[in-house]
Amino acid sequence: MESRMKERLQQKPVVLALSAFACLLWGSAFPSLKISYELISLPPDDWGAKVLFAGYRFFLAALLLIFTATVVFRIKIRIPRNILPWTFLLGLLQTALQYFFFYNGLAYSTGIKGSIIGATGSLFVVILSRMYYKNDPLTPAKVLGLLVGFVGVMVANMAKGALDFSISFVGEGFLLISSFVGALGTILAKELAATVHPVLVTAYQMFFGSVLLILTGGIASGLGSVVFDWRSGLLLLYLAFASATAFSIWYSILKYNKAGEVAVYRFLIPIWGTLLSAIFLGESIGLNTIVALAMVSAGIALVNKRRPEPPMLGA
């Protein structure tokens, strides 16, 4: 069963389809969050309430995953005691710190720079993967593909406003830290998924991370700063489902593939976000979005380009 799963999740078309779907779910968070903030009348500069909202979202996602693991996959939710501290660390990195620095940084930066700096997470993953794994080399095609994909993300955001080059530590600095700790979490998740089922890895890290986010947001803005009605509650449920599903898929792909090769797919997240925002929020799609999608697709193709096998001796 394990060998069959490994073979299936290493097939390029399967990796492409699942990665694109995971990024579609992550990208759907852009319009969903914007609509949710309007429904609960969340002030744009209240980062504490946003952190609290994220905490509720990931806590609910953890509960959904625990239910799925026990009822659907028949997995025992207990994990080895020696693994527990590492899942806590993953929750600290991938959920708590990443979103804490992201929301704080975005409060002192712009959405355009937030999207572009967020894309540096893929670059960090490739660099860290090259440092940590000997079998994940940084080839010229991979470098070119990542650069083309990154420029594609920049192109997608150019029409949203002028990109200024002002930098502050609590703004752009925090956004960079968010991307870096997220990349660290990706490497750690790959290691944990090798010994623990990816669904359990996702559930535990989201549970630990969400508790930290709820405590942080509650202290900063008060637990009463986020109040749901039935519409915002349904959106919260969808966001929890999207996060749980996307992270579970992503960790499953990471388990059987090189982190440096699948990282490029995450450039699709802001592209999906732009397309879905156009559908649900009525935002316009310009030529830049089409060009950006083409560039990201080209970047993915370059990174995953098959390298010729070395000729066999005596052939």
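Is Ser-41 buried or exposed? Ser-41 counts as exposed, at 60% relative accessibility. This is a predicted model. The protein has 14 helices and zero strands. Buried residues make up 50% of its 315 residues. The points below go from the whole fold to single residues.

**The whole protein**

- Take the contacts with a separation of 6 or more: 89% of them join residues 24 or more positions apart.
- The accessible surface comes to about 15400 Å². Carbon and sulfur atoms account for 70% of that surface.

**Aromatic rings**

- The count of aromatic pairs comes to 18.
- One of these pairs joins Phe-59 and Phe-207. Their ring centres are 5.9 Å apart, with 40° between the planes, and the pair is tilted.
- Phe-59 lies in helix α4 (residues 47-72) and Phe-207 lies in helix α10 (residues 198-221), so this pair ties together parts that are 148 residues apart in sequence.
- Tyr-204 and Phe-208 are four residues apart in helix α10, so about one helical turn separates them.
- Phe-208 is buried because its relative accessible area is 18%, and buried means under 20%.
- Ring pairs link five residues into a cluster: Phe-59, Phe-88, Tyr-204, Phe-207 and Phe-208.

**A charge over two rings**

- Which residue lies over the face of Trp-26? Arg-266 does, at 4.6 Å from the ring centre.
- The charged end of Arg-266 also sits over the ring of Trp-250. Here the distance to the ring centre is 5.5 Å.

**Empty space inside**

- Rolling a probe the size of a water molecule over the atoms shows where empty space is left.
- How many cavities of 30 Å³ or more does a search of the whole structure find? The search finds one.
- The largest cavity holds about 40 Å³ of space.
- Its lining includes Gln-10, Lys-12, Val-15, Asn-257 and Lys-258. Glu-261, Val-262, Tyr-265 and Asn-304 line this cavity as well.
- Helices α2 (12-27) and α12 (259-262) each supply at least two residues of that lining.

**Ala-61 in helix α4**

- Ala-61 is found in helix α4. It counts as buried, at 0% relative accessibility.
- Which residues does Ala-61 touch, not counting those up to four places away in sequence? It touches Met-206, Ala-240 and Ala-244.
- Ala-61 and Ala-203 are 142 residues apart in sequence. In space, their C-alpha atoms are 7.4 Å apart.

- Ser-36 is found in helix α3 (residues 29-39). Its relative accessibility is 0%, so Ser-36 counts as buried.
- Leaving aside neighbours within four places in sequence, Ser-36 is in contact with Phe-53, Leu-235 and Leu-239.
- The C-alpha atoms of Ser-36 and Leu-239 are separated by 9.9 Å. Along the chain, these two residues are 203 residues apart.
- Where does Ser-41 lie? It lies in the loop between α3 and α4.
- Most residues other than glycine have a negative phi. Phi of Ser-41 is near 55°, a positive value.

**Val-170 in helix α9**

- Val-170 is found in helix α9 (residues 169-193). At 37% relative accessibility, Val-170 counts as partly exposed.
- Beyond its neighbours within four places in sequence, Val-170 is in contact with Asn-104, Gly-105 and Tyr-108.
- Val-170 and Tyr-108 are 62 residues apart in sequence. Their C-alpha atoms are 6.6 Å apart in space.

Conventions: Residues are numbered from 1 along each chain as its sequence is written. This is a predicted model: local features need pLDDT of at least 70, side-chain atom pairs count only at pLDDT 80 or more; totals for chains, interfaces and linings use all residues. Side-chain values use heavy atoms; hydrogens and water are left out. Buried means under 20% relative accessible area, exposed over 50%, partly exposed in between (1.4 Å probe, protein chains only). Contact means heavy atoms within 4.5 Å. Accessible areas come from the Shrake-Rupley method with a 1.4 Å probe; for residues, only the protein chains shown count as cover. Rings of Phe, Tyr and Trp (its six-membered ring) pair if their centres lie within 6.5 Å; planes under 30 degrees apart count as stacked, over 60 as edge-to-face and the rest as tilted. A charge sits over a ring if NZ of Lys or CZ of Arg is within 6 Å of the ring centre and within 35 degrees of the ring normal. On a 1 Å grid over the protein atoms alone, a cavity is a set of points where a 1.4 Å probe fits but cannot get out, and a pocket is an open set with protein on both sides within 12 Å along at least five of seven lines; lining residues have an atom within 4 Å of a point. Grid points are joined across faces, edges and corners, and a volume is the space filled by probe spheres set on the points.
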